[in-house]
Amino acid sequence: MEFAANITAAALFQQILVGLSRTTILFIVSSGLSLVLGVLRIPNIAHGSLYMIGAFMTWSIATVVGGSPAAFWLALAFAPLAVALVSFVVERGIFCRLYDREHLMLLLFTFSLTLVFNDLVKLIWGSDYRSLNAPDFLQGSFSIFGLPFPRYNLFLLLTGPLVALGLWLLTNRTKIGKIARAAAVDREMVSAVGINVSWVFAWVFVIGCYLAGLGGALVAPTQNITQGMDHAIIIEAFLIVIIGGLGNIWGALLGALIFGLTDAIGILVWPQFAIVFPYTAVVIVLVFRPKGLLKSVW
Amino acid sequence: MHNNPLTRPTWIAGAMVVLALFLLPAAVPRFYVYMAALILITGLLATSLNMVLGFGGMYQFHHAVFYGIGAYGFALIATKTSLPSWVGYLVAPVVAALLSLIMGLITVRLSKLYFGMMQISLGSLVWALVFRWYSFTGGDDGIHGVCPPEAVSSTTGSYYFTLSVTLVCLWLMYRIVHSPFGRTFQGIRDNPERTSAVGVDVRRHQLAGLVIAGAFAGVAGSLFVTVEGCAFPELLFWTLSLEILVMCLLGGWFIFLGPMFGAAVMMTLRTFVGIYTEYWTMIMGVVLMLIILFLPEGVLGLFKRKTTGDKPAEEEA
Amino acid sequence: MKKRALWTIVGLVSLGLVLAGGSAVSAKTIKVGIVDCYSGPPSTYTNDVRDAFQLAVDQFNAQGGVLGNTIEFVTRDSKFKVDIGLSAAKELLLRENVDILMGTINSSLALAISDLSLKEKVPFIATFSKSAKITGAKGNRYVFSMTENTALAGKAAAHGLAKRPYTTYWIAGDDYEYGHAIADGVWENLKQLKPDVKLLGESWWKVGEPDFTPYITSILAAKPDAVIVATGGRDCVPFLKAAKATGFNDKVPFYMHTATELSTLKPLGLDAPEGVIGTSNYFFYYPQTPANEAFVKEFEAAYNRKPAVGALYGFMTAHFIKQAYEKAGSTDTEKFIDALEGMVIDTPVGKVEMRAYDHQAMLPMYMGVTKKMPGYDFLVATDIVTISGAEAMPSVESIRKARGE
């Protein structure tokens, strides 16, 4: 029997909502990737590993704090910060020496980081599956047109715009954001006016990685926290950044929407080849707009 | 400096290596013969990538797709048709070249990183199709029990076949790199605007380079099936593409045999470090970091600089 | 300039020649080589196989070994990659000179090693890969399977489900070989056992699906009596989470092959959904026999954790190997295989026979329902129905047919 026969307005609506909550995670992760790519010109493959570390940290913090309802919120607050700290060490320790190298070298360097991070995760957290629960009031479902919609997905739907707003404020209303945007366009000029570009880069890198950690923390209650969860997300995040326009945060939002929604709709209309839908959407976008949908920073 | 004529000592050393490789099965246990065949195949794949990467300056981030398609091309001919499996060796490079042409037509107008990411996304599409298309490709299980032609099915037979084919391919690639086409190709890498200004069709040259490299990757894929007897979707997964990129980096991508050397080092490390620890990818990661930090032209690049006083590769690029 | 590079290669080749000299095997050891995935999600299953195998081997060696030989084993991490695993298997075979190959949770790799074992005439014991092809269509003299497979699980589940009052079903699962094979296995057998069952529809998701909600709602809309969920490995946990979040398990009963396994239920703690029907070869709390209790005690003492299903496979494999060598009276491979064919041994789950025709261990399958129980901080399987190995095994005729004999 064909799955497509079951499409009703309610199912479609619900599917779009699910697609949008998935979009939230994709947007948060890929906006961080885009930020780093735009300002530092680093195609950071280790971004996916940081996402995974974020999820594991969330699990660890929540477990250490114990069963109280506050555990999840504490973990959500501190796990991404811990990821940011890791990235700060890596940036100051190694990355800052490599900024004048070719993209390809940077890409391979981040690949080597991935290899190290993944084995570290195995060393620290071992091989068991981990699972984390959302606070009680976010468990269970709402009924939307008679179909259940998990509360946690609704929470994700609300979080997405908040993060987007925060990023907008950061890039448009703070000094570091303005300098970072200027540095993305012309880093020589920024350093010529006496700003220490190296530290601006450090901050941007840390913020970008914070977003990866935040994505991992947010996804933790819905998934099996395990090694290998970095694999799928990193390629998706890269594709999103590419179709959105390299380095453009709003492009990342647009890309995430396209990716999340084509995936969700694909499941509904042609489940057997749903896996192909988002990739096809990416190819179509790039055939018509080779530089991505929105203006790329470089 | 790539167009330096081959000097006499180089010829002698080269002939000695080839001789040593031909004598190898007589001298070492079977496992090392098998390893040598795998190294040659992976090295051939990495060298074909380096044609577009090192010599063409194109960010081909998903070269493994052509390797995998070559492998499937051969495996499908050998298992699903009544044609003699020798036909597979012709089909593999042809389908890989065709795929490379199609992907190239879409991607070649893009620059640098966009080109690379587009290759990844198109390549992932191909991977998804292979992974999903059960009736044709065997899905995630892949194709097993592929019988290569009788003459090349034993370890030694497949080694000699691999060695011969690899040597011929390397020679062909060397000739291509040092042909007028190859020089134009490197000119495009070093200065696309200027090359374009003197009337060279940059896109067409790049497309030709992609197709040639794809075909050689396809040959490597068919050799892989000859040695291992199976084809599976991981052969066209993006992580393998990054691994061969690393091999090019390790050996040095401004040197013709750099990727072959990188493949040898990587495969040897993988096999022998893997015996002692489960954490060999971490060790590999650290080694890679050190190379990027301290040996950006690769190990052979360092040798070259030390022995000839050549300028570092960056200035050449 | 190129000279130097070429000399390096000359050096490397000679280094290879030197390396090749090492690694002689003493005559008084039986060497087993394990290739398995010890990285990434599958390692949660494979570590148990290895550890239980180690436990048994240590016991044998302490008692004087097998036919006076000590058993030794080496492991290699395949990283869930066929190429790495296959070259590791060849390394074990040709360089370590192992007498027996075992392992791998990855079916594609298991099939590849199976081809290798036939070519090299070395026994290969598959310990966790679920493809029915290994001892079915692609089986050969040198391959043995110590684990249930998709055909066995499907048939066992059909036996269990046929006893339940459901007639309309929905099938959903992982859109890859394993998922489809399990689903087909259950459905084909269920139709034979209970001809009035009706399939209302199917849905398939990709492996690693981030959100199961849309599938669950479309299934609920069709109002089936029960659902067959053919998902495995790491997707079990998020699916059970989604089932709990949407109240799926309260609205419609569903069967999921590995739902009751420790590896799946333990991470979820007390928040796993109740009432899920699952099948497994083993629980540390079932069967409640002295043999199993002793095994659990030994395993816990050695590793400070409860054994999961993989531990049974590892432990059993070691015992089969030992007893087959003893029955053969020599370490000759062909005699070992002849001895292993049809052999029956005592295991923590009772007597298990290695079927002579297809080399598939005839393991009993336990169908149970998830439930909270006092004393456990995770859900356990209750109302366990045992489907014997003989009931669950696909018939020899069907295997003959699959092999085209």
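Colleague: Hi! Is Asp383(C) buried or exposed?
Modeller: Hi! In this predicted model, Asp383(C) counts as exposed because it has 9 C-beta neighbours inside 10 Å, and the cut-off for exposed is 12 or fewer.

Colleague: Where is Asp383(C) placed, and what is its phi?
Modeller: Asp383(C) belongs to strand β14, residues 380–387 of chain C. Its phi is positive, about 50°, although the residue is not a glycine.

Colleague: What about Leu67(C), where does that one sit?
Modeller: Leu67(C) is in the loop between α2 and β2 of chain C. Its phi is near 50°, again a positive value in a residue other than glycine. Leu67(C) is partly exposed, with 14 other C-beta atoms within 10 Å.

Colleague: New topic, the open sheet in chain C. What is the strand order?
Modeller: The five strands run β2-β1-β3-β4-β5, with parallel pairing. β2 (70–77) and β5 (143–145) of chain C each have a single partner strand, so one side of each lacks a neighbour in the sheet. On average, neighbouring strands are turned by 25° against each other, direction ignored.

Colleague: Which helix packs on that sheet?
Modeller: Helix α2 (residues 43–62) of chain C does, touching β1 (29–36) and β2 of chain C. The direction of α2 makes about 165° with that of β2(C).

Colleague: And how many bridges join β3 and β4 of chain C?
Modeller: Three bridges, in the parallel sense, between residues 100–103 and residues 124–126. Gly103(C) stands opposite Ala126(C) in β4(C).

Colleague: Last one: which residues does a cis peptide bond join?
Modeller: Tyr286(C) and Pro287(C), with omega about -5°. Pro287(C) lies in the loop between β10 (277–280) and α11 (290–303) of chain C.

Key: Residues are numbered from 1 along each chain as its sequence is written. Chains are lettered from A and ligands numbered from 1 in the order in which they are written. This is a predicted model: local features need pLDDT of at least 70, side-chain atom pairs count only at pLDDT 80 or more; totals for chains, interfaces and linings use all residues. Two strands pair if DSSP finds at least two bridges between them. Helices (H or I, at least four residues) and strands (E, at least two) are DSSP runs, numbered from the N terminus. Axes are lines fitted to C-alpha atoms, for helices over the stretch in contact, and angles run from 0 to 180 degrees between N-to-C directions. Two residues are in contact if their C-beta atoms, placed from the backbone, lie within 7 Å. A residue is buried if 20 or more other C-beta atoms lie within 10 Å of its own, exposed if 12 or fewer, and partly exposed in between; C-beta atoms are placed from the backbone.
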